[in-house]
Amino acid sequence: FNFIRKQIHQHKTIPNTEMRISICIILFFQCLLVQAQNQLVIPPSLTGTNFNLHVQSGTKIFYGSTPTPTYGINGAFLSPTIIVNKGDSITLNVINNLNINTTMHWHGLHLSAMNDGGPHQIINPSTTWSPSFKVRNNASTFWYHPHGANQTEQQVSKGLAGLFIVKDSAEAALNLPRTYGVDDIPLIVQNKDFDVLQQIAIATDMDTAIFVNGTLNPYFDAPAQVIRFRLLNGSSLRTYNFGFSNAQTFYQIATDGGMLDTSLALTRLKLSPGERAEILVNFSSMQSQSIYLKSFGSELPNGIYGADSVGDANNEIHDYYDNFLNGADYNLMQINVVAPSGSPVTTIQSALVPYIPINPISATNYRTIVMDTIRLLPIDPPNRAEGPFGMNNQTFNMDSINEVVHLNTTEIWTLVNKTLVAHPFHIHDIEFNIIEKSGLPPLPSETGWKD
């Protein structure tokens, strides 16, 4: 029905009988596809202080019998979950078994530039990169992925993405689910597109296949108790507006970089690419019921990729209105509530970890960063919804240092978006606090520590 609505939006009417028949066929097969068919894959976990991460190629069958080329770490597709403790001194041996260069970035972790794994730290084929550092972050959910120049989207989409969980004593003192794979569940949500050869297509706007932990059309058997979901938007473009099909209330307990001070009751949670959140859902009274984790794209404000509309009549994203997911509500995962596990958590704790934000009065420097389109050629005007984009009228250059920030100083940054599409904004190494958005306080779900 969303596809029909978009045709009406573009063409004002469904032009002919052939198109009406085609739409009916499309809707029929979409209805078949949205039924949960595959048990949710739970990535294996790695613990300790020394980790061997083999980056390798592989194949996986997503549709029919045609194998799709993939990448993985210690496996054919996706990456294991790394679990460490605050204060640990760890070493991560990244062994590149691909025939192309890669990198590996520890997204959200507080560490030195030499260990960060940015685009300047190339890992050549048949070589190993072994950063070592002390874990200084508070308990939360982070992630790791390649961050190479012009390779990030391709390598992440093909499977190189995994969670990086940090634990600490403050989190351990709380009555929370923490049995990995039973009541503490990673959910890496990604959108992908496939070409006619069933290969993962890169840089397209027809990202109509949604995966959770690399599982297409997943279902998860949730014990009838409190379940902790660690949500990661691992997509390149799409924003998800998480909620449940039965309007179930859930409780956010952590943002990107740490626990909240109190559990936050929600029915919707918006996450843009790279963002994480931890939520608790109480299934104690729902045994034998089934519900869906959904994205409510119809409720996203226009201008966010995944909403009904981005741009204007003169500045549109290519093929945006042909993608039936944009502006639609759709299922991400079926949840079947089954018998509780042993020693279940059955209540949701209100008070969590004290949160003391940075005091803006302590700021000694102020910066303004303007995101806007950049004209690369005099005869080629930029598209304000599609780009090319830049910051402070500059495009990315590996050999340029655009901003210098001094250690042990507090700064206030003002981000101005002059384009027609929303942009996530990520800073390496440090966590920050959002002071305001367009003159208003941030949403409660956006308080706490962010990166």
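**Close-up 1. Lining of the largest cavity.** In this predicted model, α4 (152–157), β12 (184–194) and β13 (200–201) each supply at least two residues of the lining of the largest cavity. Helices (H or I, at least four residues) and strands (E, at least two) are DSSP runs, numbered from the N terminus. With 3 residues, β12 gives the most to this lining. The lining comprises 13 residues, and nearest the cavity centre lie Glu153, Asn191, Ala201, Thr204 and Asp207. By class, the lining divides into 5 nonpolar, 4 polar and 4 charged residues; Ala, Val, Leu, Ile, Met, Phe, Trp, Tyr, Cys and Pro count as nonpolar, Asp, Glu, Lys and Arg as charged, and the others, Gly among them, as polar. The space in the largest cavity is about 130 Å³, and the structure holds 2 cavities of 30 Å³ or more. A cavity is a set of points on a 1 Å grid over the protein atoms alone where a 1.4 Å probe fits but cannot get out, and lining residues have an atom within 4 Å of a point. Grid points are joined across faces, edges and corners, and a volume is the space filled by probe spheres set on the points.

**Close-up 2. The second largest cavity.** About 60 Å³ of space lies in this cavity. Its lining is made up of Gln252, Thr255, Leu269, Lys270, Leu271, Glu275, Arg276, Ser445, Glu446 and Lys450. Two or more lining residues come from each of β19 (250–255) and β21, and β21 has the largest share, 3 residues. The lining divides into 2 nonpolar, 3 polar and 5 charged residues.

**Close-up 3. The open sheet that includes β21.** Six strands, in the order β1-β16-β24-β23-β18-β21, form an open sheet with mixed pairing. β1 (38–39) and β21 (269–271) are the edge strands, each pairing on one side only. Two strands pair if DSSP finds at least two bridges between them. Strand β18 (residues 240–244) runs antiparallel to β21 and is joined to it by 3 bridges. Asn241 has Lys270 in β21 as its bridge partner.

Close-up 4. Thr70 is located in strand β4 (residues 66–73). Thr70 counts as buried because its relative accessibility is 1%, the limit for buried being under 20% relative accessible area (1.4 Å probe, protein chains only). A polar atom of the Thr70 side chain lies 2.7 Å from the backbone oxygen of Ala76. Beyond its neighbours within four places in sequence, Thr70 is in contact (heavy atoms within 4.5 Å) with Gln56, Ser57, Gly58, Thr59, Lys60, Phe62, Ala76, Phe77 and Lys158.

**Notes.** Residues are numbered from 1 along each chain as its sequence is written, and side-chain values use heavy atoms, with hydrogens and water left out. For this predicted model, local features need pLDDT of at least 70 and side-chain atom pairs count only at pLDDT 80 or more, while totals for chains, interfaces and linings use all residues.

Key: Buried means under 20% relative accessible area, exposed over 50%, partly exposed in between (1.4 Å probe, protein chains only). A polar contact is a pair of N or O atoms within 3.5 Å; within protein, one must be able to donate a hydrogen and the other to accept it, and residues adjacent in sequence count only if both atoms are side-chain atoms. On a 1 Å grid over the protein atoms alone, a cavity is a set of points where a 1.4 Å probe fits but cannot get out, and a pocket is an open set with protein on both sides within 12 Å along at least five of seven lines; lining residues have an atom within 4 Å of a point.
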